[in-house]
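Visitor: I'm new to this one. Can you walk me through it?
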Amino acid sequence: MSADKAEKAAKPDPEKLPRDIMEQAKSALRCISSGDRVFVGSGLAVPQLLIEALAERASELQDVEITHLMTFGPAPYAEPGMEKSFRTNALFTGANVRQAVNEGRGDYTPVFLGEIPRLIRSGALKVDTVLLQVTPPGTHGHCSLGIDCACTLEAARNAKNVIGLVNEQMPWVYGENFLHKSAFRALVRYDHPLPELPRKAPSETEKIIGMFCADLVPDGGCLQLGIGAIPDAVLAALTNKHDLGMHTEMFSDGAVELVQKGVINCSKKNLHKDKMIASFVLGSKILYDFVRSNPLVEFRPVDHTNDPFVIARNDKMISINSALQVDLTGQVCSDSIGHSIFSGFGGQVDFVRGASRSNGGKPIIALESTAKKGDISRIVPILSPGAGVVTSRADVHYVVTEYGVAFLHGKTLRERAQALIRIAHPKFREELQYAAKMRMLV
Ligand code: COA
């Protein structure tokens, strides 16, 4: 399932949030003043109750910036009418803030995911308050950040105020993702099930793309999988592989199945041998139960997981990410549809670069050859006006569609155009060939 469609399915009902705890939360949030920057925890670890409580203070606040990666659930701070009080700054644009960003009521910051913690540390992205969800403190007083420590830990280490939503259903996980209870200005207790992303079986097209990608994964390879329907389909196609590792920014339920089948065991990794490394997970309760107190899994912030030099230390690093458009020279657009901002850089470039420097590594961009029910080609002569390049044509290596694999690295523009036309949908090949001729590419 695409992350976007899953996101819509994950929304909890804000009406059901308990009033007494909301009042506690509102009082904890009194430290937030007009003009502050508030960083909120990411993915499915969003402290929704704290966000709803902050939104209820809208009439008292002006120009509060809400900074975040992809978050699931309602984003009341980005609703029309909130713009005097709050302004979203999306470091990755999810469905819940996309309209605000594209209507100019919010901002999008294009940034490599792995570099965000350094921006926070340096003060270039100074954070006043962090709102995050954690486990109750353990025997030694530490709370685990559970299913997300991507940038939240670094934000908390550098913020004036850290407000935690304590939830005993947040899984306690290993790695570098703990905050001592003394680091919090306030802890608000609210035990509740975490939201889940429903899974959907991959389409026939996604299955074929998954199989082409799986052919590029050697036994003993180390995986990174990005966001979207195709990475899920790739996991489903890897069941006959052996001794795979995982060093990734995120993983989902599909990876759990591969561990249970003995396909992923991380035994051949050079770095973090016998450990799956991630900074967040997106999935169902099955996934949360899998990561809970599991010594196989370590969560680490993205300045570690996404550092290309760290990534490259594992041999046979295979990164698989998706895209919205690829032009005939190999420029990859993944964060916008023309001028319209759709998502973000995430870790795509971090992992493309890390995998390309790994011994035997392969960076893969996998996408369906068409969009809009087959009406338009995603392989295009030139990117749509306004489309942003995420992976540059010097970085790109493998591009995969349901029609095959194009290897572009070190190839001329002419060779790239030919290889990409071969994996375009047949009904668009003639016009792509014509456009390539006009541009002297073939
Ligand atoms: N022109 C117009 N519309 C397009 C399009 C194009 N070229 N390409 C896709 N679309 C539409 C699709 O039809 C779909 O619309 P629908 O929901 O109405 O069917 C929508 O855009 C989403 O496309 P889809 O391919 O389903 O997206 P996805 O959920 O599989 O995600 C990316 C793909 C590229 C958006 C996602 O992987 C991403 O954000 N990547 C960038 C960051 C990254 O790779 N990070 C690495 C790890 S997080």
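Guide: Let's start where two parts of the chain meet. This is a predicted model. In it, 36 residues of domain 1 are in contact with 35 residues of domain 2.

Visitor: Where are the bounds of domain 1 and domain 2 in the chain?
Guide: The domain assignment puts domain 1 at 3-189. Domain 2 covers 204-438.

Visitor: And how far apart are the C-alpha centres of the two domains?
Guide: Those centres lie 28 Å apart.

Visitor: How much area do domain 1 and domain 2 bury between them?
Guide: About 2900 Å². Carbon and sulfur atoms account for 65% of it.

Visitor: Why quote an area at all?
Guide: The size of an interface is often given as the accessible area lost when the parts come together.

Visitor: OK, helices next. At what angle do H7 and H8 pack?
Guide: About 60°, with the axes 8 Å apart. H7 is residues 204-215 and H8 is residues 229-236. The two are therefore oblique to each other.

Visitor: Is the crossing of H7 and H8 left-handed or right-handed?
Guide: H7 passes H8 in a right-handed crossing.

Visitor: Which residues make that contact?
Guide: From H7, they are Glu206, Lys207, Ile209, Gly210 and Cys213. From H8, they are Ala229, Ile230, Ala233 and Val234. By class, six are nonpolar, one is polar and two are charged.

Visitor: What does Glu368 touch?
Guide: Leaving out residues up to four places away in sequence, Glu368 touches Ser203, Thr205, Glu206, Ile209, Ile230, Arg378 and Glu402. Among them, Glu206 and Ile209 belong to the H7 side of the helix contact, and Ile230 to the H8 side.

Visitor: Where does Glu368 lie?
Guide: In the loop between strand S22 (362-366) and strand S23 (370-371).

Visitor: How far is Glu368 from Lys273?
Guide: They are 95 residues apart in sequence. In space, C-alpha to C-alpha, the distance is 34 Å.

Visitor: Back to helices. How do H2 and H3 cross?
Guide: Their axes come within 9 Å and cross at roughly 70°. That makes H2 roughly perpendicular to H3. The crossing is right-handed.

Visitor: Which residues of H2 and H3 make the contact?
Guide: H2 brings Arg19, Ile21, Met22, Ala25 and Lys26. H3 brings Leu49, Leu50, Glu52, Ala53 and Glu56. This contact has six nonpolar, no polar and four charged residues.

Visitor: One last pair. How are H14 and H15 arranged?
Guide: H14 (residues 413-422) and H15 (residues 426-438) pack at about 170°, with axes 10 Å apart. H14 and H15 are therefore roughly antiparallel to each other.

Visitor: Which residues meet there?
Guide: Ala417, Ile421 and Arg422 in H14 meet Arg429, Leu432, Gln433 and Ala436 in H15. The classes are four nonpolar, one polar and two charged.

How values were computed. Residues numbered from 1 in each chain as written. Predicted model: local features only at pLDDT ≥ 70, side-chain atom pairs only at ≥ 80, totals over all residues. Heavy atoms only, no water. Axes fitted to C-alpha atoms, helices over the stretch in contact; angles between N-to-C directions. Helix = DSSP H or I, 4+ residues; strand = E, 2+ residues; numbered from the N terminus. Parallel < 35°, antiparallel > 145°, perpendicular 65-115°, else oblique. Left-handed = near helix turned anticlockwise from the far one by under 90°. Contact = heavy atoms within 4.5 Å. Nonpolar A, V, L, I, M, F, W, Y, C, P; charged D, E, K, R; others polar. Domains from an automatic or database assignment. Buried area = accessible area lost by both parts, 1.4 Å probe.
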